[in-house]
Amino acid sequence: MKRKEIEEKYFWNTADLYRDAAEWEKAYKAAEKETLAPYRGKLGKKDTLLACLKKQDEISRRLERIYVYAHMLSDQDTGDAENGALVARAQSLLVKLNADSAYILPELTALDEKYLQECVEDEAFSDYDYMLKTILKEKPHVLGEEAEKVLALGGDVYSGFRDVFNVADNADFPFPTVKDGNGQKVRVTHGMYSVCMQSADRAFRRRAFKAYYGGYIGMINTLTATYAGSVKKDVFLTKARKYESCLARALAGEDVEPIVYENLLRYVHKGLPVLHRYIAEKKKALRLEKMHMYDMYVPVVEDAGLKLTYEEACALVKEGLSPLGEEYTALLQRAFDERWIDVYENDGKRSGAYSTSCYEVHPYVLLNYQQTTHDVFTIAHEMGHSIHSYYSNKTQPYAKADYKIFVAEVASTVNEVLLLKHILGKAKDGKLKKYLLSYLLEMIRTTLFRQTQFAEFEYKAHEMAEKGIPLTKEALCRKYLKLNREYYGKAVESDREIAYEWARIPHFYTSFYVYKYATGIISALYIADRILTEGAPAVADYKRFLSSGGSGDPVSLLKIAGVDLTKTDAFDGAMRVFEDTLEAFVAAKE
């Protein structure tokens, strides 16, 4: 469908950012003239430092708006060269700002600790106190000027391992071709692999699984050397910056203590017996005598779901999120009415869905809405991100508005869980109930357990390297296969090929990242349960969390919503939700 064939009410209203390209151009030319150069070498004076930080915020806010507008126009039609050029120009401005402000952090870290502490305690610096506290915290890990320059020169080298993996995984990977049940040839690309694994044709799934992993097995020497090099790079930087471990260095970037990671591994292991039971029940529901890894993603309930128009879906989302109160649902209605959302697929439009925002204007959401259950939940998910950003931007100063990735998926998942519980409560059709219960079980399995399995593998691989143990293909595959057996138990056969799964995970090249998916869903499940059982007090806490932005370390901010990841309650609560959902799934009749 061409964009001109869609009613305007289904387009996002970019005029809230700029009336037209001419107004954008005017803002762009004004931003080109901005500079932070006058403050270089003068940050040891409070007045100058404060002026510099405020000017940096002012420029960043302008550039953020410029970039978001250009990116949105480009995503409406990725084939439009003029809009693509706007994005390139906006990116060049961002690069210019980064270069222009590159001196600020090194200069701040070189300043006297007493001076920085005085700034933290000065009310005039209240917008920047958390940022300055993090600088003080990281000061012991900042090296001398010459050493910092040397480490900075290695930037391209450090990212080289990820670049090598991306080339190997996309350009050089021998995407296999297998025949489906009708004898038609199917090329198993990365995107098509997940489709194959959900096919009802088991023989086809098996062929696709073995062929796809065969590609990784054939490249395993290269992929092992690439991953081992990436881990060694982490060990080098950890030693150079005098951290206790690679984990501590990685988590310091988001101001998270290693106890959170360690708790995740510990308490998820306590919940593995329930996961084993779920796998056994899934095996039974699929009527399999023997279950394999290529059976893990097959839907237990087929052809059950919601087929709603966009307006019906919006009404259901609003109804499902009503436990969050009138203010929250009024914001949802504003988003629907004021065209915060670009709804339908059109020729050239970017695929998928996302939420984006800039500080000075309300958030926006891109959808490619189809009448499926998944797309209904996508509305709730993306609006979770948007309203989180809305509250943070409305409440916090610019310097504290942007929340960390550690908490980024919490609000979106809270929305999904609340909506699912609402639909379950209303559903009269047994097949739909069974489908929704399996939807939640799979969400927890893939986001909580699977991502924790990945996190544990990373933890063990880095631990080996820190002890000087070589990361050979045999050692890595042995570690991964052992973990797979521990996580999934005896109800499923851990096929030989699954030992190589670690070799295809791109997130492993951004070390200690995947655990955030698991802590995010744990937090969301706990918050949603509080909201449904405690009502108004829990909602008030949750809104204070949504309004906290990046005003403190993310673990402390989650405590506002009642989630303490340094203790056991949230972990126990998530496992309880999983177990209760499993009980309901087993009892449900189609």
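About 60 Å³ of space lies in the largest cavity of this structure, and a search of the whole structure finds one cavity of 30 Å³ or more. What I am showing is a predicted model, in which local features need pLDDT of at least 70 and side-chain atom pairs count only at pLDDT 80 or more, while totals for chains, interfaces and linings use all residues. Residues are numbered from 1 along each chain as its sequence is written, and side-chain values use heavy atoms, with hydrogens and water left out.

A cavity here is a set of points, on a 1 Å grid over the protein atoms alone, where a 1.4 Å probe fits but cannot get out, and its lining residues have an atom within 4 Å of a point. Grid points are joined across faces, edges and corners, and the volume is the space filled by probe spheres set on the points.

Which residues line the largest cavity? They are Ala31, Glu34, Thr35, Ile59, Leu63, Leu93, Lys96, Leu97 and Asp100. Helices α2 (46–76) and α3 (81–100) each supply at least two residues of that lining, and α3 gives the most, with four residues; helices (H or I, at least four residues) and strands (E, at least two) are DSSP runs, numbered from the N terminus. The lining divides into five nonpolar, one polar and three charged residues, where Ala, Val, Leu, Ile, Met, Phe, Trp, Tyr, Cys and Pro count as nonpolar, Asp, Glu, Lys and Arg as charged, and the others, Gly among them, as polar.

Staying with α2, Asp75 lies in that helix and counts as buried, at 5% relative accessibility; buried means under 20% relative accessible area, exposed over 50%, and partly exposed in between, with a 1.4 Å probe and protein chains only. Leaving aside neighbours within four places in sequence, Asp75 is in contact, meaning heavy atoms within 4.5 Å, with Gly348, Lys349, Arg350, Tyr354 and Leu366.

Three strands form an open sheet in the order β4-β6-β5, with mixed pairing, two strands being paired if DSSP finds at least two bridges between them. β4 and β5 (354–358) stand at the edges, each with a single partner strand, so one side of each is left without a neighbour in the sheet. Two bridges join β4 to β6 (residues 361–366), and these strands run parallel; Ile341 is partnered with Val365, and Asp342 with Leu366. Four bridges join β5 to β6, which run antiparallel, and a hairpin connects them through two residues. As for β6, six of its six residues are buried.

Finally, Val231 lies in helix α12 (residues 220–240) and is buried, with a relative accessible area of 1%. Apart from neighbours within four places in sequence, Val231 is in contact with Ala461, His462, Ala465 and Leu471, and its C-alpha atom is separated by 9.7 Å from that of Met464, which is 233 residues apart along the chain.

Methods:
1 Å grid on protein atoms, 1.4 Å probe; cavity = no way out; pocket = protein on both sides within 12 Å on 5 of 7 lines; lining within 4 Å.
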